[in-house]
Amino acid sequence: MNRIAVFGGIYNNYLALEAALMDAHRRGVDAAYCLGDMGAFGPHPDRVFPLLRDHGVQCIQGNYDNSVGNGLADCQCGYTDPRDNHFARLSYAYTFANTGAANRAWLRNLPTQRRVQLGRYRVLMCHGSPRRTNEFLWESTTSTHFLDHLLEAHQADIVLATHTGIKWQRRLGHDRHFVNVGVLGRPENDGAAHVWYALLSVAKELHVEFVPVHYDHEKLAAEMRAERLPAEFVETIRTGWWTTCLEILPAKERRRGKF
Amino acid sequence: MQLPLLDTTAPTVALTHLDDLWFQVAGTTCNLTCRHCFISCSPHNHNFGFLDLATVQRYLDESVSLGVKEYYFTGGEPFLNRDMVAILELTLRYGPATVLTNGTVFRNEWLERLRAAEAASTYGLEFRVSMDGFTPAENDAVRGDGTFERILQGVRLLLDHDFLPILTVTKTRDDQDESDLFDGFVRLLKDCGYARPRIKILPTLRIGAEADRQRGYGETDRVTPEMMAAYDVHLLVCSHSRMVTDRGVYVCPILIEAPDARLGTTLAESLRPFAIKHQACYTCYQYGALCSNASSRERDA
């Protein structure tokens with residue numbers, strides 16, 4: 001296996017998932033993976049699952065999936081600010097109420113990590129970090145020697161994660177790599193409506209490409225309005241700027257956004 | 001002052017991984033004498049001394065092989081240390097830095113240098129500015145006369161230099177409603193031109209000056225082995241942090257006045273487990289994430 005597509009959180013954005021799958025197939029990937037958090041934020045949670053199954057996307061369990069699957073009281077996102085938690089509760093209540101029993105059972109049984117071999121690289125896929133599902137690994141708050149430690153402790157050449165909602169990558173010593181693959185669920189707070197996934201290819205060496213995914217975000221926004229989801233969520237989908245769950249951002253990432 | 005040891009069986013907490021390395025960079029010297037300070041810092045408290053740049057660098061170098069994730073600086077008032085700007089510039093070459101300050105002694109030229117250092121680094125520089133009331137009366141009663149305005153001036157200076165300070169607010173009265181406190185700070189900061197106010201609310205630690213101001217801990221305020229069942233140990237600072245002082249490496253930023261909390265001279269020596277027998281450990285247990293940049297909230301029993 002030399003070429004894989006890796007999706008981060010989907011957050012019910014089945015339209016972006018559909019577009020990403022088409023793009024990945026067109027690029028001739030050997031396999032597609034999703035690092036968890038199928039639900040949250042967007043409309044119609046149950047529309048995500050048939051796409052994942054029909055296209056053979058191999059998934060791992062994010063904090064949201066664990067919560068929805070096990071009927072927990074909250075999303076375990078790891079927010080601590082009351083402003084973040086207010087919107088997290090609205091989002092979770094909607095997703096939980098609209099995820100069917102069979103899909104909840106499916107989420108409950110997903111593995112929390114997955115290991116694959118990509119060319120000569122040992123790849124470890126996780127949701128937040130290899131040591132904790134809901135750990136936020138932001139570019140500006142994660143030292144390189146900490147990543148060295150993580151990859152060494154978990155015996156991996158490449159660690160793939162999501163959870164923060166913003167893509168980034170760092171090349172470490174000894175041809176090791178950390179990649180946050182971004183998310184399909186919502187734009188990444190840069191004023192553009194498209195979302196991202198990661199394409200990893202190995203020829204002589206690893207090549208990581210972040211692929212922009214353009215999709216019918218106005219259609220998603222209309223469906224979100226019809227489902228009476230918060231206007232703040234709709235605004236993010238339409239403008240590309242985060243309007244909620246902002247307090248978890250470190251200063252450096254926060255400064256790049258509008259709010 | 002030394003903290004009393006309790007005659008009881010205490011659970012032992014192993015260091016899961018050294019994520020957060022703290023520096024008591026200004027010792028216990030502060031230009032303010034806050035009435036709730038858990039290590040009684042003041043202009044005259046030199047119990048712990050300043051750390052110089054070379055000492056900080058020695059520990060930063062040792063931290064690399066241990067895979068430390070983030071660096072934190074506190075005191076006393078860190079910006080009383082003449083090496084502080086150079087220390088932060090150096091640290092940003094190693095990893096992310098957070099500095100806990102009272103915000104009253106900044107100089108423009110320091111913040112200009114720090115703005116440039118952060119812009120040149122992959123890593124972020126966070127400022128946590130302490131303020132204990134959203135009115136002058138409330139704040140100054142704890143932090144000293146005139147400090148309300150001086151702190152806000154510091155916040156404005158940080159904003160002028162494109163920093164986004166986290167206002168760290170101690171809940172200084174038992175009858176204070178936490179939501180009211182939070183909302184009051186949001187209003188105050190927005191009125192001051194801070195469009196996206198960041199706020200962390202903390203409980204008091206009933207040791208040091210705070211034990212005299214309000215009250216100390218009660219006899220039953222302690223962590224017992226039974227309380228650790230099904231508890232997320234990561235919430236405890238001692239499970240992922242250590243504190244460098246001029247007198248050695250301590251288990252956490254809170255217990256530097258407890259002799260048993262000194263774990264060694266080097267980081268390597270300080271990695272051993274710690275028995276959480278102190279009463280302040282009870283507050284850490286109750287709230288979790290006490291020393292992180294995230295908010296702390298009392299957890300359900």
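Predicted model: local features only at pLDDT ≥ 70, side-chain atom pairs only at ≥ 80, totals over all residues.
## Chain B overall

Of the 301 residues in chain B, 60% are buried.

For secondary structure, chain B has eight helices and eleven strands. Its radius of gyration is 18 Å, close to the 19 Å from the globule rule for 301 residues, so chain B is as compact as a globular protein of that length. The C-alpha trace spans about 50 × 45 × 35 Å along the principal axes. Take the chain B contacts between residues at least 6 apart in sequence: 72% of them link residues at least 24 apart.

## Helix α5 of chain B

Now for α5(B), residues 147-160. With 14 residues at 1.5 Å each, α5(B) should span 20 Å, and the end C-alpha atoms do sit 20 Å apart, which agrees.

Its buried residues are B:T147, B:F148, B:I151, B:L152, B:G154, B:V155 and B:L158. They fall within an arc of 155° when you look down the axis, so they line one face of α5(B). Their cover includes α3 (108-120), β5 (125-130), α4 (136-143), β6 (166-170) and α6 (178-191) of chain B. After the helix comes B:D162, with a positive phi near 65°.

## Helix α7 of chain A

Over in chain A, helix α7 (residues 217-226) buries A:H217, A:L220, A:A221, A:E223 and A:M224. These cover an arc of only 165° around the axis, which puts them on the same side of α7(A). An α-helix has 3.6 residues a turn, so residues three or four places apart point the same way.

Among the elements covering that buried set are α1 (14-26) and α8 (231-239) of chain A. Just past α7(A), A:R228 has a positive phi of about 60°.

How values were computed
Residues numbered from 1 in each chain as written. Chains lettered and ligands numbered in written order. Heavy atoms only, no water. Buried < 20%, exposed > 50% of the residue type's maximum accessible area, 1.4 Å probe, protein only. Helix = DSSP H or I, 4+ residues; strand = E, 2+ residues; numbered from the N terminus. Arc of directions from axis to C-beta. Contact = heavy atoms within 4.5 Å. Expected span 1.5 Å × (residues − 1). Rg over C-alpha atoms; globule rule 2.2 N^0.38 Å.
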